[in-house]
Amino acid sequence: MLVVMKAQATPEQIQAVCEHIEQLGFRAHPLPGAQRTAIGITGNKGEVDRGNLESLSGVAEVIRVSKAYKLASRDVKEEDTVISFPGTDAAIGGRNLAIVAGPCSIESRDQAFAIAEQVASSGAQFFRGGAFKPRTSPYAFQGLGLEALKIMAEIRDRYGLRIVTEAIDSESLAMVAEWADVIQIGARNMQNFSLLKRAGRLRKPVLLKRGLSATLEEFLMAAEYVMSEGNYQVILCERGIRTFTDHSRNTLDLSIIPAVHHLSHLPILVDPSHATGKRESVLPMARAAVASGADGILVEVHHQPDKALSDGPQSIYPSQFATMMDEIQQIAPVVGRNLPRGIHATAVAG
Ligand code: PEP
Ligand code: MN
């Protein structure tokens, strides 16, 4: 159910409706919009008594949301979600494209700084790097853990880049939430419901990658898990799905972008690196992603990919990253978007 407040409803009236909903034993999710505030109701098994809610002051109407996902749905929130990063001009969602770049794994301080320096100078606003790696083989490099998180925090201090890194379980989630700006939940964990719920109890943006064989509905339901716990800052990421294709690691499903934008207000990034697994395919797919309306790109960059401890073959060189930025900057205006270059500090409202 969704309670739509009148445009002129006061904060007190919104608060009173939320309290009423919670008293009924449900959960209230106030979702402020440009025109009016809507309040999502979750936790109800059947119908909520509509008449009662409609009689509360400030309420315009009460609507039934028929989709399985509620808070992720555009039915509940019409405007695109824009996730901002206080103290900076960086944002994910909205007109500006967000670019997340960096190595698959943080391997050493020197490696991380060498790559960060280059992606920052080409204008990325976000730096990625795995500290905890979900590897197919238990014998493969598992990540530097806390040491990597500390290196990335130093990179944020030096270049201003906001940090995106993956949490693979509840232990790493607590650490990632403490050190990073965006918590990545990987493809293999997209349906790890207890991890999603834990991430939902935090107040940090969550970048949720599409599962290897997840349908759009399953993907949005995974986002719903995070949002149902009160964390509405969810960024989706298409990273390729398993098909019978033998020319690339996965199949990049770009047609999910307009489908997501139709059904949901959440932003969606595209990861052409894991989608293709091949360096030479990354730039063409990044261009196509922007042309298809993606809200940004997440890409693996390595200065010495031959020596990379993970995902070297799909990592592009810093010079290719610079080319990618120039190319998508040209494509962006054709599809009504803008590519900001570099991250800048803004005054924090006091
Ligand atoms: C990654 O981003 O390095 C990663 C492991 O991604 P995915 O979960 O999409 O495989
Ligand atoms: Mn990787």
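How many nonpolar, polar and charged residues are in the shell around ligand 1? By class, 2 are nonpolar, 3 polar and 7 charged. Nonpolar here covers Ala, Val, Leu, Ile, Met, Phe, Trp, Tyr, Cys and Pro; Asp, Glu, Lys and Arg are charged; the others, Gly among them, are polar.

Ground rules. This is a predicted model: local features need pLDDT of at least 70, side-chain atom pairs pLDDT 80 or more, while totals for chains, interfaces and linings use all residues. Residues are numbered from 1 along each chain, chains are lettered from A and ligands numbered from 1 as written, and side-chain values use heavy atoms, without hydrogens or water.

Now the shell. Residues surrounding ligand 1 include Cys104, Lys133, Glu166, His274 and Glu300 (near means a heavy atom within 4 Å).

Next, polar contacts (N or O pairs within 3.5 Å). Arg239 puts a polar side-chain atom 2.6 Å from a ligand 1 oxygen. For Arg188, also through the side chain, the distance is 2.9 Å. Ala187 uses a polar backbone atom, 2.8 Å from an oxygen of ligand 1. Alone, ligand 1 exposes 300 Å², and the protein buries 97% of that (Shrake-Rupley, 1.4 Å probe).

Last, aromatic pairs (ring centres within 6.5 Å; stacked under 30 degrees, edge-to-face over 60, the rest tilted). The count is 3. One is Phe113 with Tyr159, tilted, at 6.2 Å and 50°.

Conventions:
Polar contact = N/O pair within 3.5 Å; in protein donor to acceptor, adjacent residues only side chain to side chain. Phe/Tyr/Trp six-rings, centres within 6.5 Å; stacked < 30°, edge-to-face > 60°.
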